[in-house]
Amino acid sequence: MNIVVCVKQVPDTATERKLRSDDKTLDRDAADGVINELCEYAVEEALLLKEAHGGEVTVLTMGPDKASDTIRKALAMGADKAVHLVDDALHGSDALGTSHAMAQALKKIGFDLVILGSESTDARTGVLAAMLAERLGVPQLTFAKKVEVGKGTITVQRVTDYGYDKVEASLPAVVSVVEKINEPRYPSFKGIMAAKKKPVEKLGVADAGIDASQVGLANSWSEVVDFAAAPPRAAGTIVKDEGDGGAKAAEFLASKKFV
Amino acid sequence: MKFILDAEQRLFGETLHRLLDGAGTPGVIRSRAAGEPEPVRSLWRALAGAGVFAPAVPEAAGGAGPLPVELVTAFHELGRHAVPGPLAETAAAAELLTRLGGFSGSGGAGRAGDESGTAGAAGAGGLAAEWLPRIAEGTAAVSLVLPPAVPYALDADLADAVWLVDGDRLCETVPGAARSSLDPGRRLFPVRVGTVLARGPAVRAAARAAGDVGALACAAQLVGLGRRLLEATVAYAAARHQFGRPIGSFQAVKHRLADVLVALEYARPLVHGAALAYGSPDLPRDVSAAKAAASEAAYAAARTALQVHGAIAYTDEYDLGLWIRRARALRTAWGSPADHRARVMSCLAES
């Protein structure tokens, strides 16, 4: 089975994340880039499926040169090879543009199954899996907490607010996973060393057959008009308890219409 | 000399850091102190699975070594998380076996016991072939006694083999009753000589190389320990207020913290420099310089952590004390700073 895992490099959530003042895109130099956490679960699931059914795992990412760190991490975990979509023309692409570029790359690579994390920690749109499935004309199975592959079919448990739905589709398909699905492995030292020798193919817009008029900041359907830092949290009200603390707390809650 | 770790080495270190963060080493140390060996053993297997011992074991025996820079990268993280167990001892034993088993490719290897000893070269080779793959895969922990620098068997109760090098003999041992260490995560065992496993000048030479690897691994642990102690202390000094200000804003506190940072930053390149000297005749000198500096830097970090934290630092339930006591124990493990300074001196006098 030919599995492609889409991974994304995101700014470390432990550091302060910023937007650039010039073009209002993510400031990638302001924070360390790390692999998006949910993508690790996607890689793990791809590796588990490969171990159970055989085949090959390809990592696909779109991002600037330094996103190669994220590719290295996924290869160190055990993926076989990688494709890196890297082109200045892709900078600032929104979800629609990104899905076009990734879909073109996926058509070029070929796949039985595409696995993604259900959302990234930076943009948090959570729509890429659905958009990819639509553009590729294959079924989408999102928010999977369990994946089973049969003969030409795939069954997942799709997490919902009330429990889960059992969803079945034919392959090829696109799956997005949630963190309940597995426990991602740590790359071993041998895995890290082996990753150095694994092939990484770099593709530009032209190589992947991407329509340049559908990608990039200028062609994005969504536009960041303005942004501002979140206001600092206002100081709270301290009630000094002089025997009437309960009444004062109740008064406060009543004034906010909580009680 | 280039002391910047490459991308693979950084990823290796970060991976171990994450693994150990998730493992919760303070809990492992406390259960060890309470006499439960299983948490340490399972952590040991996880670490070996991540490749902690791969850089110490040659490729032909199931590892990826010798890779001394990767070894110190790993041991830095082990120290940073105060991982218990005979770690430096097992890395040193791997070096000893590598030399005796003829894996190192250097002259004299595989000739252990040529002088009609108890075990011949084949015996030593068999020993290496038996134990090295087990060390790499994490199914064997070895405690090694190398007098005078290592007079007791560390954690013999956790080890699958307890060996002693006595002059030109490598022996199995019979551990005596445990002595308690000031570090609750460590137990020290006096040993009596048992069956001789190999004999000859090659044993003496291999033991010297093993001593250097053990001291180097210990030095890397000390730098990691010191770094963690400094981070914890800086965070505490920023959070703890007195006289209406964070205590870290007072010069007397700032200066102590800065001194620790300087000491650690001087020790770190010495550790990396010693790793790069592996295989060169300067290794003993460079390892000693690294061990002496790392010991003093980590000990300064521990003293400062104790002073700046105040009484909470020696509160048993507070994890900081586990790091403070480990720094004190490792300061004199694998040779005291004075021993190592003396060895630097004698190396310089010879050259």
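Buried means under 20% relative accessible area, exposed means over 50%, and partly exposed lies in between (1.4 Å probe, protein chains only). By that rule B:Val72 counts as buried, at 2% relative accessibility.

This is a predicted model, in which local features need pLDDT of at least 70, side-chain atom pairs count only at pLDDT 80 or more, and totals for chains, interfaces and linings use all residues. Residues are numbered from 1 along each chain as its sequence is written, chains are lettered from A and ligands numbered from 1 in the order in which they are written, and side-chain values use heavy atoms, with hydrogens and water left out.

**Confidence**

The model scores ipTM 0.82 and pTM 0.86. pLDDT is the predictor's confidence in each residue, from 0 to 100. Chain B averages 91, and 94% of its residues score at least 70. Residues 106–122 of chain B stay under 50. For that stretch the model has 34 contacts beyond four places in sequence, a contact being heavy atoms within 4.5 Å. Where pLDDT is low, the predicted coordinates should not be read in detail.

**Cores**

A nonpolar core is a set of buried Ala, Val, Leu, Ile, Met, Phe, Trp, Tyr and Cys residues joined through side-chain atoms within 4.5 Å. The largest has 142 residues. A:Ile154, B:Phe75, B:Trp163 and B:Leu170 touch the most other members. Helix H7 of chain B (residues 201–239) gives the largest share of this core, 19 residues. Helices (H or I, at least four residues) and strands (E, at least two) are DSSP runs, numbered from the N terminus. A second, separate core has 26 residues, among them A:Cys6, A:Met62, A:Val83 and A:Ala208.

B:Phe75 has contacts beyond four places in sequence that include B:Val52, B:Phe53, B:Ala217 and B:Ala220. B:Val72 sits in helix H4 of chain B (residues 68–80).

**Interface**

Chain B and chain A bury about 1300 Å² between them, 69% of it on carbon and sulfur atoms. Buried area is the accessible area (1.4 Å probe) that two parts lose on being put together, summed over both. In chain B, B:Glu8, B:Leu11 and B:Arg18 lose the most area to chain A, together 44% of what that side buries. The contact takes 17 residues from chain B and eleven from chain A.

The rule finds two salt bridges across this interface. A salt bridge is a side-chain nitrogen of Lys or Arg within 4 Å of a carboxyl oxygen of Asp or Glu. B:Arg18 forms one with A:Glu40. Helix H1 of chain B (residues 7–23) supplies seven residues, the largest share of the side that touches chain A.

**Polar and paired distances**

A:Gln9 lies in strand E2 of chain A (residues 9–11). A:Gln9 is buried, at 6% relative accessible area. A polar contact is a pair of N or O atoms within 3.5 Å; within protein, one must be able to donate a hydrogen and the other to accept it, and residues adjacent in sequence count only if both atoms are side-chain atoms.

| Pair | Atoms | Distance |
|---|---|---|
| A:Gln9 and A:Lys66 | side-chain polar atom, backbone oxygen | 3.2 Å |
| A:Gln9 and A:Ala67 | side chain, backbone nitrogen | 3.4 Å |
| B:Arg18 and A:Glu40 | closest N and O atoms | 3.3 Å |
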